[in-house]
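Reader: Could you take me on a close look at a single part of this model? I'd like to go slowly, one contact at a time.

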Amino acid sequence: MTDKTADFTQGSILKKLVAFMMPVLGALILQAAYGAVDLLVVGRFGSTSGLSAVSTGSQVLNLVTFVVVQFAGGAAIVFTAISVGLFIVMVCFAHPIAILMQAPAEAVELTTVYIRICGGGIFFIVAYNLLSAIFRGLGDSKSPLLFVLVACIINVFGDLILVAGFHMNAVGAAIATV
């Protein structure tokens, strides 16, 4: 057993399981923080429509991320096809998705743009979740936590620069998220 991997075949399992799961929990919390940071920054520096767009678009992105995470535990080989499929759906059908998610009328266009930008970056989201599943499968739950921590920090600074600095509203939040 190395420093980064957990060996559940010997000794007490509970202590090892808790040590393994804490970084997984931390990574999930940081992933949830993405949307929260976007909402805080756009709420402070963007428009009401932008705030609604980020709120609605984040729900779509969270759903897609949840589906990808669930597939990550299974057949990793199909991820390229899943990425392409999600890319097509999110980019081509962003407007109907915004309507389906009941975005307020004044926020539909911004929500559509938010979903399209995040859909354009879906390959990165899928790749992160696939690599995280592989690392966890190898017994390393700390590396995925570090990956998402770095991404979260970049997202915070990206939000502040693009939304607060350049006044890009929900578009800036989506770019920072990707």
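Which residues in H1 meet which residues in H6?

Author: Happy to walk you through it, and please keep in mind that this is a predicted model. On the H1 side, the residues are Phe20, Val24, Ala27 and Gln31. Their partners in H6 are Tyr128, Asn129 and Arg136. Sorted by class, this contact of H1 with H6 has 4 nonpolar, 2 polar and 1 charged residues.

Now for how the two helices lie. The axes of H1 and H6 come within 12 Å and cross at roughly 170°. Angles over 145 degrees count as roughly antiparallel, and H1 and H6 are therefore roughly antiparallel to each other.

H1 has another partner to look at, H8. Here the axes come within 10 Å and cross at roughly 150°. That angle makes H1 roughly antiparallel to H8. The crossing of H1 and H8 is right-handed. From H1, the contact draws on Tyr34, Asp38 and Val42, while H8 brings Asn169, Ala170, Ala173 and Thr177. The residues of this contact of H1 with H8 divide into 4 nonpolar, 2 polar and 1 charged.

H6, for its part, also packs against H5, which covers residues 108-120. The angle between H5 and H6 is about 50°, and their axes are 4 Å apart. H5 and H6 are therefore oblique to each other. Cys118, Gly119 and Gly120 in H5 meet Ile122, Phe123 and Ile125 in H6. By class, the contact of H5 with H6 has 4 nonpolar, 2 polar and no charged residues.

The largest pocket has a volume of about 610 Å³. Its lining is made by 25 residues, and those nearest its centre are Gln31, Tyr34, Ile125, Val148 and Thr177.

The largest share, 7 residues, comes from H1. By class, the lining of the largest pocket has 16 nonpolar, 8 polar and 1 charged residues.

How values were computed. Residues numbered from 1 in each chain as written. Predicted model: local features only at pLDDT ≥ 70, side-chain atom pairs only at ≥ 80, totals over all residues. Heavy atoms only, no water. 1 Å grid on protein atoms, 1.4 Å probe; cavity = no way out; pocket = protein on both sides within 12 Å on 5 of 7 lines; lining within 4 Å. Points joined across faces, edges and corners; volume = space filled by probe spheres on them. Nonpolar A, V, L, I, M, F, W, Y, C, P; charged D, E, K, R; others polar. Axes fitted to C-alpha atoms, helices over the stretch in contact; angles between N-to-C directions. Parallel < 35°, antiparallel > 145°, perpendicular 65-115°, else oblique. Contact = heavy atoms within 4.5 Å. Left-handed = near helix turned anticlockwise from the far one by under 90°.
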